[in-house]
Amino acid sequence: MAGRRGALIVLEGADRAGKSTQAKRLVEVLKERGYPAEGMRFPERTTEIGRLIGSYLEKKSNLEDHTVHLLFSANRWEQVPLIKEKLRSGVTLVVDRYAFSGVAFTSSKKNFSLHWCKQPDVGLPKPDLVLFLDISPEAAAKRGDFGNERYETSAFQQKVHKRYAELMEDRSLNWKVIDAAQTMEEVHSAIRQLSEDIIQEAKDQPIGKL
Ligand code: DGP
Ligand code: NA
Ligand code: NA
């Protein structure tokens, strides 16, 4: 049948959960198994908006909190034409962070409601699968020091972890929780199985909207 699309698979989690490593490995293995697959990540720091975000995260500049929230969202929206084009051409996208990072991180700041934080991302392509790499803030801290970027403190990461738990209550999304304290290989095989299943399920379905 014509028009079989790829799946939109998102990896989420607090910093140090192993998302980037797992995302790369998942793309490699899907390709080996004959599924066209590509990686994508947010923030995408190479665009003009992404450079503003990068400088903010590296603490080289300060931005007002609402403003930076909207920039992160804009950084996702600017990739939407590419996301749709890839999915429609049959490529499965493995995305390292998406709108849920946006909501979990900004709503961990003072005076930001989940409701307000969600609005700018309403209408983005809806992931077919959201893999939450779950690691306790304590176990994440044991993986070595956080870096020096903004948000990389254990107090903030604990708040982020709680916010993700609230986001996972949304049953309109296909959240799967993976115990990220397992070995790299165990985590990989869990997410590979879920991904192969969703590629089969998503291929004849329209792309949804957040
Ligand atoms: P990474 O490149 O995956 O290490 O992400 C950079 C940092 O930015 C990380 O601490 C998570 C945070 N982040 C990712 N997306 C968003 C977002 O949309 N909004 C906010 N406020 N922070 C985000
Ligand atoms: Na980081
Ligand atoms: Na990462």
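Is Asn-111 buried or exposed? Asn-111 is exposed, with a relative accessible area of 78%. Exposed means over 50% relative accessible area, buried means under 20%, and partly exposed lies in between (1.4 Å probe, protein chains only).

1. **Basis.** This is a predicted model, in which local features need pLDDT of at least 70, side-chain atom pairs count only at pLDDT 80 or more, and totals for chains, interfaces and linings use all residues. Residues are numbered from 1 along each chain as its sequence is written, chains are lettered from A and ligands numbered from 1 in the order in which they are written, and side-chain values use heavy atoms, with hydrogens and water left out.

2. **Fold outline.** The protein has 9 helices and 5 strands. Helices (H or I, at least four residues) and strands (E, at least two) are DSSP runs, numbered from the N terminus. Along the sequence the order is β-α-β-α-α-α-β-α-α-β-α-α-β-α. The radius of gyration is 17 Å, close to the 17 Å that the globule rule gives for 210 residues, so the protein is as compact as a globular protein of that length. That radius is taken over C-alpha atoms, and the rule is 2.2 Å times the number of residues to the power 0.38. Along the principal axes, the C-alpha atoms fill a box of roughly 50 × 35 × 30 Å.

3. **Packing and surface.** Of the 210 residues, 49% count as buried. Contact means heavy atoms within 4.5 Å. Take the contacts between residues at least 6 apart in sequence: 82% of them join residues at least 24 apart.

4. **Charges.** The protein has 33 positive and 30 negative charges, and their mean positions are 2 Å apart. Lys and Arg count as positive, Asp and Glu as negative; His and the chain ends are not counted. Each charge is placed at NZ of Lys, CZ of Arg, CG of Asp or CD of Glu.

5. An unreviewed UniProt entry lists residues 11-191 as "domain: Thymidylate kinase-like". UniProt positions are given in the numbering used here, feature names are shortened, and annotations may be inferred rather than shown by experiment. In this model the span is 48% helix and 13% strand, and its end C-alpha atoms lie 10 Å apart.

6. **Helix H5.** How many of the 8 residues of H5 are buried? The count is 8 of the 8, so H5 is largely enclosed by the rest of the structure. The buried residues are Ala-99, Phe-100, Ser-101, Gly-102, Val-103, Ala-104, Phe-105 and Thr-106. Their cover includes strands S1 (8-12), S4 (129-134) and S5 (175-179). It also includes helices H3 (65-77), H6 and H8 (154-167).

7. **Backbone points to check.** Most residues other than glycine have a negative phi, and most peptide bonds are trans. The bond from Phe-42 to Pro-43 is cis, with omega near -5 degrees. Pro-43 sits in the loop between strand S2 (37-41) and helix H2 (48-57). Arg-97 has a positive phi of about 80 degrees. Arg-97 lies in the loop between strand S3 (92-96) and helix H5 (99-106). At 12% relative accessibility, Arg-97 counts as buried. Asn-111 also has a positive phi, near 65 degrees. Asn-111 is found in the loop between H5 and helix H6 (114-118).

8. **Thr-47.** Thr-47 lies in the loop between S2 and H2. Thr-47 is buried, at 17% relative accessible area. Leaving aside neighbours within four places in sequence, Thr-47 is in contact with Asn-75, Glu-78 and Gln-79.

9. Gln-200 is in helix H9 (residues 184-202). Gln-200 counts as partly exposed, at 40% relative accessibility. Gln-200 and Arg-4 are 196 residues apart along the chain, and their C-alpha atoms are separated by 9.8 Å. Ile-207 lies in the segment after H9. Ile-207 is partly exposed, at 23%. Not counting residues up to four places away in sequence, Ile-207 touches Arg-5, Leu-87, Arg-88 and Pro-125.
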